[in-house]
Each structure stands twice: as structure tokens, then as C-alpha cells.
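Hi everyone, thanks for making time this morning. Have a look at the model while I talk you through it.

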Amino acid sequence: MREGNRKLQEEKVFKDPVHRYIHIRDELIWDLIGTREFQRMRRIRQLGTTFLTFHGAEHTRFNHSMGVYEIMRRIIEVFDGRPHWQQEERLLCLSAALLHDIGHGPYSHSFEKVFQTDHEWWTRKIITGDTEVNQVLRRMGENFPQDVADVIEKTYPNKLVVSMISSQIDADRMDYLQRDAYYTGVSYGHFDMERILRVMRPTEDQAVIKNTGMHAVEDYIMSRYQMYWQVYFHPVTRSAEVILSKILQRVKKLRENGYDFFQQPYHFQRFFEGTQTLEDYLCLDESVITYYFQMWQFEDDSILRDLCQRFLNRRLFKFVEFSQNFLLNKWTKLQELFREAGIDPDYYLVIDSSSDLPYDFYRPGEEEERMPIHLLMPNGRLRELSRESDLVEAISGKKRTDHKLYYPKEWLETPGYEKTKQEIKDMLFSDNEQGEPKQQAQEWFKYEGGSQ
Amino acid sequence: MLPDHAKLLALLQDAGEVVGRKKWQKIVYICKKLELPLQEKYTFHMYGPYSEELSMRTEELCSLGFVSERKETKAGYYQYRYQLTEEGNTFLQNMQLDWPRRQAEAITSRLNEYSSRFLELVSTMLYFDDLPKDDVKEKVHKLKKSQNYSNADMEEAWGLIDSLKETI
């Protein structure tokens, strides 16, 4: 056992809907959970705006972090006593699992894009800076906080340890897939984690899977694939995310132009200036952001007012899909028509692509761009998963990109600029030749709570 | 979307052709570190800095037909060859991008001469560029044990980084 940690006199157990129980035996872990930085994660939803599509998706970064810790604890039980596993790394792994998302802010994906911040940078700051988390970690030794930060940043020299928290089959993904499936209420996203954990083995560079567990991993990859398309890339969620980004972008622009807010964006002030401190960052959570959106519904600026009302009342943008021909021949014209109709395309005509989303698919790492999942064969050699599994190979080769064009459809039906609006509709909905954008919004918006 | 995609197209146009996904990843990272206006988010991985965003954007550009991707079979492994298409070129012209072409051309033509293994070293060293040189060296030795980079490799990498910095 590392110095600085004591076993709790009584094991603490948290009830959890995904893993049933989360077991805490180390004082270090118990104390980390009690820090204000960790407790802050209770006020940040795991899936951002997804709750506007799947109303059950109200779970937080706190729940997820606890789940990742629990999976890590179980992996370590399997590894204990096996070659390549060093038991003295146990607390480092558990701490990194627990803290891996601690730098996430409210709606961090949109927030980071607009304010050019990075949750991974904040994670490092929280772990190594002047925080309660840091004080607790330092009990384990002067370098311990830096080691935890390095594991999370994937620059820790022990690659096995890194792979347990961050690889293509790791504690983080195994928790979020199951947890997100549970809270969204979808039937996909489930896989036999117990089986995967039983057949997971440590090697020098990564955690690998015994080849007898290949079908359980196939199931995991299928779950991942389906969750991406059905939950993470859901177009209604993306519409909400687009509006959220545009609110932040508008506030930033108004401030640059010296606009006199009824409700001054105090909490954002130093983010506009780029002088934000860790304390500024820790003060932000989703309640704070929602408060501002509530207040900005009554601003004089019609764009900010409208966007906030849309977000709070779920009056989202509709979308069409588009293709190369549209980008080459119609995109510029469409923006002009929006301006002509008095609709600012900077806020009301938005392209969103799959690459704008923070989720990824399984990659076989054909050219060492990324470490793949390896199966441990009976002869002791490692084989990349898709070379053994036809199913994974088939999924790896599938189309996984899409682009959507979001716009306020109901505005095209309002009086004024009828001719221009008709021209816009013709461009958006023309269906006559191949490669034109097609209207698919209705089908999606009727799906899973998306009926408004 | 669009402006970030267009910047990648501009970079690829300046590079002429890039052979290998790993090489493309490292070229974009090094250019970004040299302050070309690229937005892709990178994190550290087994083989050095890697951007999932870049992988996805490149796939998107291929599926839109703006970039051609040719898969080639080499001895026991696959390799991908990337080039801008005619449509990609037209799209880029329509976008009227503010892009530092001269610097981008100078940097990419140099980087294209090197192997992806060497660019992995350069990009790893740049990832730790806030550390003193000796610490960078130690990091590389610890994190890239299996690549077995020599001191001469490291010296060559520093030389390349310095001369690229002069370009900008």
C-alpha cells in the first residue's frame, strides 16, 4: 500500500443503477469524493443537451466518474497477481479513474469551442493546482498529483495504466456506454461487461482481451456503434447544441460591440478577456448558465432573446442533410437569401458535422494512428480485433460521417419576404436531382421525445 | 464546420500529396504548433499527438469527394494516400480563405520529406515544448521506448524544429 492511504474502518458502499454497488475501501478515494471540485460534478450533466431529446438523460459527470472508478476497481481485481501488473499502481489508477473528467465544465463541448478553453487543461489544473483535490492527493506523496494528471493526459510512462483509463476499450467507455443507455432508456448500449472484465489481461503496453472473449467485445463494439448513431449523433440534440453555441457566440459578440446587457454576463467576464482563473472556472455550472439564459430571454437584442427562448422552451432548429453539390453550388447563395429575408445566417443557418461531436468510432489503427483493441491468441501473440472478427471489420468500413444544415423552419412560414423565403425553401427542400439536400427532419423530430 | 474543413484542404493542397494517415496526423499537428491557423484538437496517444477530430474531418472530406483517399497494400500493412480532388479545389476557391500559403507550403514540403516515424518524434518533442530540452529528451526516452530513438535522431529533430520556426 502506498504511504498516505489508510483503509477505511468500514467499507463505504454507494447504490448505483448501472453497477448496483460502488465499493470504497480507501480513505484516499473517500476523501477525494468529498472535495468541492468533485462535488461540483453533480451540477454538470454527463450528456449536455441530450436531455432535450431523451428526457431521462439527466445523469451527471459525478455519477459517471463514480462508475469509472468502480469498473477500474474491478479490472484491478482481475489483474492482481498477473504478470505486467504492479499492485503499487492501484491507487494511482483508482484516483485517475475517479478524476478523469473533473475538468469538464457546463455544456463543455459548446463552451470550449466559443471560449477556446480545454477541459483537459482544467483537469490538470484542478489536480496539480491549489485545490482540495490536490491537498488530498498530496498525502500520497509530492509527485502523486502529477502522476495522476499524467495518467489522465496519457503521458504516464506505464502504458498499461494509461490504457485502462483511456483506450478503445477502457473503464471510461465501458461506463458511459452502459450509463448513457440506462438513463436515455434506449435498448442498445448494453453488453456483457462482466465477461469482458474476466477475459481482460495486462500486457506491457496495454490491457488486451483473451481471444475467447472476442464475442463479448464484438457486442461492446456494436453497442458503441449503435449508441453513436442513435444517441450521441442524434440530430435533435445537435440542434440544441447548435443553439447553445450560438447563444454564447452572440453574448461574446454583443460584449465586443459594447452592448448594454440588462443582465451583465458577470460569470463570463474573464473568459471574454482570456484572464479566467481556476476559481472562475469552478464557479460555473449548469445552474449558473441556465440562470443567465433565463434572464437573457428579456434582453433588447432580438437574436439573444430569441435563441435563449428557443433553448429554454425547446423550440429547436430543424435540419436538412446536404451533399457536395449543395456546398459547391448553393451554400453561398443560400446565405445571401437568408440575409435578404432579414435572417442573420451567422446565427440561423448553421452547418453541423459529425466531426463537431466529441465521440469516436472504433478504429483498427491500420497505420499506427491510434492503438487498436488487441486479442490475446492461444499462441501468446496479439491480433488486432477486426482481423479476427468479420463483424467488427464490417462496422469499421461503414460510412460514419454526416453533415446537417440547421435553420429555423417556422420563420420561413411567417409573413414578409415571401418570394425570398420561397426561394430558400426551394433550395432546402429540392429533391429532384441526386445529391440535393433532402428533408429528413420530420421523421427524426417525431422520434423519442422529439415530437415538438 | 466549413472554414476548418477548408483549412485542411488548403494544407493538403500545399503539401501536394500525403502518404499515410499517421504522417497526415503529425503534419497537421506540427503545422498547428508552428501557429498555422488550424483548429483540430489533439491529445497524446500511444504514437504521439493524435486528433480524432482530424480523422473524422478527413473522412468527411473524403465522403464529400473533396479529398481522394487511396488504400495501398504494402508488405503486410495498409497505407493511405491523400490528395485534393478537382471538386475540393473548387470548394476551396469558393471559400476565399485567409490562409498563409507561403509558410504552409514551405513547412509541408519539408515535413513531407520525412518518415512518419521521424515525424512522430518531432511532434512528441513539440508536445512537450514547454519543458527544458533535457526534460523533453527524458520524456521521449520514457514514452517512446519501443521506437528506440537515438540521440542523433533527437538532434536532427531539434534542427528541423528550429529551421521550421525560422520559416514562420
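I'll go through the two chains in turn, and then where they touch.

A word on ground rules first. This is a predicted model, so to speak of local features we need pLDDT of at least 70, side-chain atom pairs count only at pLDDT 80 or more, and totals for chains, interfaces and linings use all residues. Residues are numbered from 1 along each chain as its sequence is written, while chains are lettered from A and ligands numbered from 1 in the order in which they are written.

Let's start with chain A.

Chain A is divided into domain 1, residues 7-233, and domain 2, residues 235-356 + 401-445, with bounds that come from an automatic or database domain assignment. Their centres, taken over C-alpha atoms, are separated by 33 Å. Between these domains, 24 residues of domain 1 of chain A are in contact with 20 residues of domain 2 of chain A; contact here means that the C-beta atoms of two residues, placed from the backbone, lie within 7 Å. On the domain 1 side, α5 (108-115) and α6 (119-128) of chain A each supply at least two residues. The largest share, six residues, comes from α5(A). By class, that side has 10 nonpolar, eight polar and six charged residues. For the classes, Ala, Val, Leu, Ile, Met, Phe, Trp, Tyr, Cys and Pro are nonpolar, Asp, Glu, Lys and Arg are charged, and the others, Gly among them, are polar.

An unreviewed UniProt entry lists residues 61-177 of chain A as "domain: HD"; its positions are in the numbering used here, feature names are shortened, and annotations may be inferred rather than shown by experiment. Over residues 61-177 of chain A, the chain is 67% helix and 0% strand, and the end C-alpha atoms are 13 Å apart.

Now for a sheet in chain A. It is an open sheet of four strands, in the order β3-β4-β7-β8, with mixed pairing; two strands pair if DSSP finds at least two bridges between them. Its edge strands are β3 (200-202) and β8 (382-384) of chain A, each pairing on one side only. β3(A) runs antiparallel to β4 (residues 207-210) of chain A over three bridges, and A:Pro202 stands opposite A:Ala207 in β4(A).

On to chain B, which comes to eight helices and five strands. The C-alpha trace of chain B spans about 45 × 40 × 25 Å along its principal axes. Three strands of chain B form an open antiparallel sheet in the order β1-β5-β4. β1 (18-19) and β4 (67-74) of chain B stand at the edges with a single partner strand each, so one side of each is left without a neighbour in the sheet. Two bridges join β1(B) to β5(B), and B:Val19 has B:Arg81 as its bridge partner in β5(B).

Last, where do the chains meet? The contact takes 32 residues from chain B and 27 residues from chain A. Which element gives the most to the side of chain B that touches chain A? That is α3(B), with eight residues. The residues of that side of chain B divide into 13 nonpolar, 10 polar and nine charged.
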